[in-house]
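The sequence and structure are shown first.

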Amino acid sequence: MEKEDPLPQPCYTRFSMIKEEMMLRYGAEKIHLKKGEVLFEKNDVPRFFYQVKEGDIKINDVNEEGREFIQEIISGGRSFGDFALIGDFKYLANAIAIVDSDLYRLGKSAFFKMLEENPKVHLNFSKNLAKRLHYKALMSAEIATYSAEHKILTFLDYLKHTIYDIQEEFGFEVNLTRQQIADLTGLRVETVIRNLKKLAEANEVKIINRKIYR
């Protein structure tokens, strides 16, 4: 089984970074997390908006059998925590540093003030929330209905077309381990490995030096 490695690029949360000057102007503070450190836990009350300066943060949950399900991996320049702040509900998952990471955090009232005073930023947040809702609805339907091969292709195509806007055939290099693909699709890593081989044989993906291309 592959170990979970730090990602060289963002996983799938795509959102234009808010300039540091703006974050600091509204009172953001910089915090550091060591690898494995928990930022918040499921059912915590949200108090901050977060933006990753450097590093990788995973948003995860663990079922009753102890199996981890990774909902998102958020890398440098990407933000999170806004969902619960805007919806005014407790966190639905945990946030844990995959590697040593530096973040900005902005208090709830300052976050809303920033949105109110900066319509373009507010619009970008709305677009980002819509994309995340679309992704969750898409993957929920996949998990409930389709085969493992179909789930994997849908996930890879979502990354390729919606997140990275790549159209070239086999032009998208998947910067995820097999384990991370499994965690993000709700499949077992053995199932992912087996079905990626089938997809390669069907010329749906290419595997070169263990790298996956779609």
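This is a predicted model: local features need pLDDT of at least 70, side-chain atom pairs count only at pLDDT 80 or more; totals for chains, interfaces and linings use all residues.

## Contact between α6 and α7

On the α6 side, the residues in contact are R178, Q179, I181 and A182, and on the α7 side they are V189, V192, I193 and L196. By class, this contact is made up of six nonpolar residues, one polar residue and one charged residue.

The two helix axes approach within 8 Å and cross at roughly 110°. An angle of 65 to 115 degrees counts as roughly perpendicular, so α6 is roughly perpendicular to α7.

## Burial of α6

How many of the eight residues of α6 are buried? Eight of the eight are, so the helix is largely enclosed by the rest of the structure. The buried residues of α6 are R178, Q179, Q180, I181, A182, D183, L184 and T185. After α6 comes G186, which has a positive phi, near 80°.

Q179 is part of helix α6. Its relative accessible area is 14%, and buried means under 20%, so Q179 is buried. Q179 and E190 lie eleven residues apart in sequence, and their C-alpha atoms are 8.7 Å apart in space.

## The largest nonpolar core

The largest nonpolar core contains 26 residues. Those with the most contacts inside this core are I152, F155, V174, L176, I181 and V192. At least two residues of the core come from each of β5 (68–75), α5 (148–163), α6 (178–185) and α7 (189–201). Which of the elements gives the most to this core? The answer is α5, with eight residues. The core also takes at least three residues from each of two domains, domain 1 (20–118) and domain 2 (146–213).

I181 and V192 are among the residues with the most contacts inside this core, and I181 in α6 and V192 in α7 also take part in the contact of these helices. Leaving aside residues up to four places away in sequence, I152 touches L187, V192, N195, L196 and L199.

Notes: Residues are numbered from 1 along each chain as its sequence is written. Side-chain values use heavy atoms; hydrogens and water are left out. A nonpolar core is a set of buried Ala, Val, Leu, Ile, Met, Phe, Trp, Tyr and Cys residues joined through side-chain atoms within 4.5 Å. Buried means under 20% relative accessible area, exposed over 50%, partly exposed in between (1.4 Å probe, protein chains only). Helices (H or I, at least four residues) and strands (E, at least two) are DSSP runs, numbered from the N terminus. Domain bounds come from an automatic or database domain assignment. Contact means heavy atoms within 4.5 Å. Axes are lines fitted to C-alpha atoms, for helices over the stretch in contact, and angles run from 0 to 180 degrees between N-to-C directions. Angles under 35 degrees count as roughly parallel, over 145 as roughly antiparallel, 65 to 115 as roughly perpendicular and the rest as oblique. Ala, Val, Leu, Ile, Met, Phe, Trp, Tyr, Cys and Pro count as nonpolar, Asp, Glu, Lys and Arg as charged, and the others, Gly among them, as polar.
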